[in-house]
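Welcome! Here is a short briefing to read alongside the structure.

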Amino acid sequence: MTITSGRIDEKSIRREIQDFGKVCESYYNGELSMSEYKSISGGFGTYSERGHKTGMLRFRIPAGILEFDKFKFILDSIEKYNVEKVHYTTNQSIQFHNLKPEVIPTLMLETYDAGIVTRGGGGDHPRNVLCSPLSGVEKDEYFDVSPYAKVVSDFLIDLIGKIKLPRKLKVGFSNSRKNIVHATYRDMGFVAKANGKFDLYTAGGLGVNPEFGIKTAEDIEPGDVLYYVMTMVQMFMKYGNYENRAKARTRYIPKTIGEELYLSEFKRILEELKKSEDLSFVVDEKTISKQGDGVAINPSRNIIEQKQDGLYAVKYHPLLGNPSVKVLKDLYDLVSNFEDIGIRISTKEEMYITNLTTGEANKVLDLLSSDNADTELQESVSCVGTTICQQGVADSSGLLRKIIQVDKEENFTDGTLPRLCISGCPSSCGVHQTSNIGFKGGKKKIDGVLVDAFDIFYGGNEYQGCERFGEVLGTISADNIPEMFRKLGREVQASNSNFDSWLDNNTERFMEIVKEFAI
């Protein structure tokens with residue numbers, strides 16, 4: 001088949017954005033409720049922020065691959081609209097925050113003209129298609145899955161406005177068992193294998209009532225993945241719950257109709273599609289011909305040796321996933337002079353700059369040093385939380401800042417405190433459920449006063465074959481969590497170990513400390 005560009009029909013999108021502009025104006029003038037606005041705005045990739053005076057806009061970055069011209073457009077837009085807050089999401093998207101209402105529809109149109117889609121960035125639509133961020137350059141990958149993720153992204157974007165799903169549909173492609181896109185527990189996850197084919201997992205997901213995916217097909221030829229995507233779309237539309245939003249995700253379908261019928265129906269629809277449509281495709285294999293400069297560099301936290309000899313990727317993990325606007329501009333100015341550079345957005349709220357020689361990598365590392373994580377704790381993931389998000393229940397980003405402050409006050413060595421995943425509500429934007437230590441935000445009454453409190457999750461794992469959802473150990477007030485980590489850190493530091501090793505040997509002591517601080 002011929003793959004479309006992944007751009008919605010131009011006349012249609014312009015008309016839709018113009019109509020949405022009137023909705024946006026009505027809401028910010030107080031003529032629509034937040035729920036009424038959200039039911040429309042999410043489909044355009046925007047939500048109002050807490051306080052109702054500003055909004056955010058989410059740019060879909062298919063497969064996390066940010067082409068250079070689109071990177072330039074984002075930077076130009078930051079300058080044009082004086083954007084002060086940018087956020088990398090766990091869905092490999094980029095968000096602008098604190099936007100004035102009148103800017104949002106205008107920026108949507110400009111974004112579309114630049115080849116970036118915001119339509120379907122939220123709401124009941126196929127969401128950004130995820131991909132292992134170092135696919136194509138990672139040493140231990142089975143094969144480069146990014147071309148297939150890009151094709152699927154174009155295919156699903158083209159369906160926006162043509163189909164009505166019960167709720168969102170999330171698709172991911174994993175290039176290795178690291179599984180950092182959580183392919184084995186998404187609505188659809190294509191998992192690369194050593195034989196150059198995919199296994200498919202479906203009907204998984206995080207959030208309320210999380211579920212691991214069901215292995216639905218094995219040894220799929222990569223050029224056939226669209227048959228399986230369209231089958232899932234049809235399954236969702238046929239069996240998804242259009243009446244009850246709480247049960248309108250794919251993971252509820254096997255619970256409703258039974259796993260046996262679910263698998264047989266998937267197979268039936270797939271076979272019918274293969275008879276009626278040509279959805280197969282071939283991608284051009286991309287090769288990287290760039291050569292290193294002959295100087296070796298030792299891999300470290302922020303530098304990764306690629307499978308291409310002499311080339312490296314540099315990781316840029318700004319605190320809380322919020323990059324410095326100035327650093328982003330300086331980074332573009334620097335790497336635009338380098339040959340064959342790649343920019344990738346990760347699911348860990350970070351960016352990778354790929355295909356660097358040793359000399360180039362060192363220059364990038366130096367430039368990023370003022371805004372880059374240099375400890376395991378600083379690589380923690382947090383959603384934006386209640387200071388911005390209307391759906392947020394607790395201040396997740398504020399909590400992480402306080403824990404990092406404790407780490408600095410105590411001068412703990414790197415690794416004394418662990419990498420955390422923190423969500424401000426049950427939606428799991430901070431992917432707390434498959435983190436070794438995670439937190440989910442909520443509210444609790446203490447002495448008659450309603451305060452921020454977090455459930456602590458322990459023992460989650462995302463690695464393929466070892467997947468686990470964390471066990472909830474208790475609920476701790478937000479004020480007490482930093483002090484809990486102060487106490488934990490002191491014990492770990494005294495053991496001359498790192499947190500993970502200490503925890504393996506002192507699990508009962510860890511439980512005691514959690515219990516001491518729990519409500």
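Buried means under 20% relative accessible area, exposed means over 50%, and partly exposed lies in between, using a 1.4 Å probe and protein chains only. This is a predicted model, in which local features need pLDDT of at least 70 and side-chain atom pairs count only at pLDDT 80 or more, while totals for chains, interfaces and linings use all residues. Residues are numbered from 1 along each chain as its sequence is written, and side-chain values use heavy atoms, leaving out hydrogens and water.

**Cysteines**

- Cys-466 counts as partly exposed, because its relative accessibility is 34%.
- The sulfur of Cys-466 is 17 Å from the closest cysteine sulfur, in Cys-421, which is too far for a bond.
- Searching the whole structure turns up zero disulfides, a disulfide being a pair of cysteine sulfur atoms within 2.5 Å.
- Cys-383 is likewise in no disulfide, and its nearest cysteine sulfur, in Cys-429, is 6.0 Å away.
- With 14% relative accessibility, Cys-383 counts as buried.

**Helices H6 and H8**

- Helices (H or I, at least four residues) are DSSP runs, numbered from the N terminus.
- The axes of H6 (residues 225–239) and H8 (residues 259–276) come within 9 Å and cross at roughly 125°; axes are lines fitted to C-alpha atoms over the stretch in contact, and angles run from 0 to 180 degrees between N-to-C directions.
- H6 and H8 are therefore oblique to each other: angles under 35 degrees count as roughly parallel, over 145 as roughly antiparallel, 65 to 115 as roughly perpendicular, and the rest as oblique.
- Among the residues making the contact are Tyr-227 and Met-235 of H6 and Phe-266 and Leu-273 of H8, where contact means heavy atoms within 4.5 Å.
- The residues of this H6–H8 contact divide into eleven nonpolar, two polar and four charged; Ala, Val, Leu, Ile, Met, Phe, Trp, Tyr, Cys and Pro count as nonpolar, Asp, Glu, Lys and Arg as charged, and the others, Gly among them, as polar.

**Helices H3 and H4**

- H3 (residues 68–80) packs with H4 (residues 103–113) at an angle of about 160°, their axes 11 Å apart.
- That angle makes H3 roughly antiparallel to H4.
- Phe-73, Ser-77 and Lys-80 of H3 meet Leu-107, Glu-110 and Thr-111 of H4.
- The contact of H3 with H4 has two nonpolar, two polar and two charged residues.

**Met-511**

- Met-511 sits in helix H14 (residues 507–517) and is partly exposed, with a relative accessible area of 29%.
- Leaving aside residues up to four places away in sequence, Met-511 touches Tyr-458 and Leu-473.
- The C-alpha atoms of Met-511 and Val-282 are separated by 53 Å, and the two residues are 229 residues apart along the chain.

How values were computed: Helix = DSSP H or I, 4+ residues; strand = E, 2+ residues; numbered from the N terminus.
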